Amino acid sequence: MTESVNRIPTERMTVVLVEDDPNDAMLVRMAFERTAGEMGFVHLIDGDAAVTYLAREGPYEGRAQARTPMLMLLDIKLPRRSGFDVLKWARSQPAPICRLPILMLTSSAETADVNRAFDLGATAYIRKPSRTKLLSEMVSDLKNFWVKWTEAPEV
Amino acid sequence: MADLNNARSELTAEDFRRLFENAPTPFLVLKPDLTIVAVSKAYLAATMTRRETIVARKLFEVFPDNPTDPNATGVRNLSSSLETVLRTRAEHKMAIQKYDIRRPAEHGGEFEIRYWSPLNSPVLDDEGNVRFIIHRVEDVTELVELGMDRDQEHARARGLETEIITEAKNRKAVEERYRLLIETMQDYAIFTLDPDGTIASWNPGAERMKGYIPAEIIGQNFSRFYTEEDRQKGVPEMVLRTALRQGHYEGEGWRVRKDRSQFWASVVVTPLRTENDTLLGFSKITRDVTERKRLTEQLKQHAKELELRIAERDQTNADLEAFSYSVAHDLRAPLRAIEGFTTAALDDFGEQMPARVRDYLQRVISSSERMDTLIADLLQYSRITRAEITSSRVDVQEAINQALEHFDKDARSKIVVNIEPKLAAMAHQPTLVQAVTNLVSNALKFYPPSANPHAEVRALREGENVIIQVRDEGIGIDHVHQEQIFRAFERLHGMEQYPGTGIGLAIVERGVSKMGGKIRVQSAPGKGSTFSIEVRAA
């Protein structure tokens with residue numbers, strides 16, 4: 001039994017949050033800092049930013065190679081380019097962008113939204129926890145699952 | 001006047017009797033008690049009776065219903081018409097009646113099928129009281145048997161026409177019979193055209209429908225019945241050409257009467273030919289179907305309005321959908337921030353705060369949590385209100401199990417379940433599960449603080465229905481509140497005592513009635529409550 005080659009040290013992992021509500025973003029960041037402080041955390045404020053970040057364009061042209069985005073938490077309702085648009089775009093890109101695990105993080109519980117997200121290739125669909133306690137639990141579960149149990153693709 | 005008096009004085013009572021009895025119309029004179037007092041020879045002939053055997057007898061003794069016809073309505077209809085005449089003292093014309101007549105005993109005494117067009121007229125005395133009723137009839141058996149069924153008017157007209165063509169080749173006597181027949185067809189304009197469209201014959205139905213008497217229309221071209229627009233488009237010529245080519249033309253369109261008014265006509269045109277195929281002309285049968293067309297248009301109009309309304313409703317639903325989406329998304333976001341940052345403040349700086357500040361912040365948190373629950377419940381209520389629910393077969397046991405999964409182990413230990421085996425309901429599973437969940441949650445909630453809450457869920461079949469009952473032995477509900485509790489936001493208790501949003505039962509009620517079922521409550525203060533969901537069994 002060999003140790004997985006794809007396992008990356010957590011300090012090199014980065015979670016990218018795409019969220020237009022600064023309060024929500026701050027609460028998620030705080031939850032990450034409390035429970036997964038060693039991980040990198042990048043907050044992008046809209047869909048356009050998410051695309052330019054992943055494509056290493058504009059302000060993100062020279063973003064550090066060391067910091068590998070391990071997963072993206074993507075809101076659906078975003079100004080101009082929606083979360084669905086970002087998802088669609090990412091899945092249509094050549095590797096490695098298309099491989100990135102993308103988890104929808106949204107307040108919508110509409111079945112239509114859930115279905116659409118998976119149709120477009122979402123990795124998971126998470127409803128925004130409405131309370132701090134639940135948010136902390138969610139972040140800690142996420143970290144456990146993705147760090148402890150999953151094999152990350154090369155991105 | 002003088003002449004008339006002279007004339008009358010010349011007539012003896014005997015003359016009057018003779019005139020009366022020999023009048024060429026079948027009629028019968030009745031007293032108000034329906035005794036036959038006089039009868040015309042024509043009536044005796046038509047009914048195969050003799051004067052001496054019917055006069056002074058009661059009408060329905062002489063003319064009973066045909067006992068072999070279980071659907072006979074003659075006696076009933078005639079008796080009701082006569083009653084009408086006695087009551088209103090006015091003439092009453094009956095619809096065509098089937099009223100069979102018994103053959104004389106020497107001819108076997110069997111009933112013979114007959115159709116009649118009867119007219120009953122009162123004869124009043126000087127005080128205006130009914131002294132006699134004249135019952136006049138017309139034997140229309142032949143016409144009826146030739147197919148006077150109203151429902152098949154069109155087919156009849158066409159069949160008739162075929163017969164006309166056949167008959168045209170027959171002898172004069174037969175021709176005469178059909179001429180008479182056509183003249184009596186009041187609802188149809190029946191006329192013939194020469195090969196060039198010149199009108200050659202004209203029946204009374206045509207006169208009535210179009211307003212021309214034969215003298216002013218025979219010899220004219222039939223195109224005058226068409227609208228100016230149709231004439232310019234060459235419709236009349238097209239009709240004759242089509243009839244020639246296809247052996248037949250059927251169509252509908254606006255036609256013009258003599259007084260320029262218009263009606264919607266259903267028309268059948270057929271070429272008439274001799275045996276050696278020389279074109280004699282055309283027969284044209286026209287029926288006024290304006291009323292039918294009007295009704296059809298009205299129906300179409302209603303259908304259109306309905307569609308419009310459905311579209312409006314769909315739009316409203318779409319608006320509501322967007323609204324609740326935005327409620328879900330936008331209204332809850334600030335709440336997350338309020339709760340989140342207050343919690344952060346308490347977590348990070350709670351120890352440095354005076355106890356009162358901590359208490360205040362605790363209240364901010366619980367209020368925002370309550371508001372969040374409220375929004376969630378409201379969303380669910382609006383979703384269930386708008387949802388298109390389709391019922392299908394639902395396993396009741398499974399639905400109840402699903403509902404109980406919403407409760408933790410401790411709560412579940414307080415619930416007794418009693419379900420008839422193999423019970424299935426016509427329901428919408430998620431809605432039924434939701435309803436049972438809400439009822440069970442209430443059942444465990446409304447107990448006095450010191451009591452041990454417990455509940456029973458039962459399900460049984462009752463006739464065509466499945467009843468799901470949730471029973472508790474809690475505080476109960478006063479009779480006067482038992483309707484109110486199913487309305488949204490209605491609460492009977494203070495928030496401290498029994499927290500809640502007041503939407504749970506409204507969701508149950510809405511969901512159950514959407515499934516075509518009923519929700520009932522039996523309760524009294526201190527005696528607990530039993531809520532029953534009744535849905536169709538599957």
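Is A:F32 buried or exposed? In this predicted model, A:F32 is buried, with a relative accessible area of 5%, where buried denotes under 20% relative accessible area, exposed over 50% and partly exposed the range in between (1.4 Å probe, protein chains only). Residues are numbered from 1 along each chain as its sequence is written, and chains are lettered from A and ligands numbered from 1 in the order in which they are written. Local features of the predicted model need pLDDT of at least 70, side-chain atom pairs count only at pLDDT 80 or more, and totals for chains, interfaces and linings use all residues, while side-chain values use heavy atoms, with hydrogens and water left out.

Rings of Phe, Tyr and Trp (its six-membered ring) were paired if their centres lie within 6.5 Å, with planes under 30 degrees apart classed as stacked, over 60 as edge-to-face and the rest as tilted. A:F41 is buried, at a relative accessible area of 17%.

In chain B, the rings of B:F191 and B:W202 have centres 5.0 Å apart and planes at 50°, so they too form a tilted pair. Because B:F191 belongs to strand β10 (residues 188-193) and B:W202 to strand β11 (residues 199-202), the pair ties together parts 11 residues apart in sequence; strands are DSSP runs (E, at least two residues) numbered from the N terminus.

Conventions:
Helix = DSSP H or I, 4+ residues; strand = E, 2+ residues; numbered from the N terminus.
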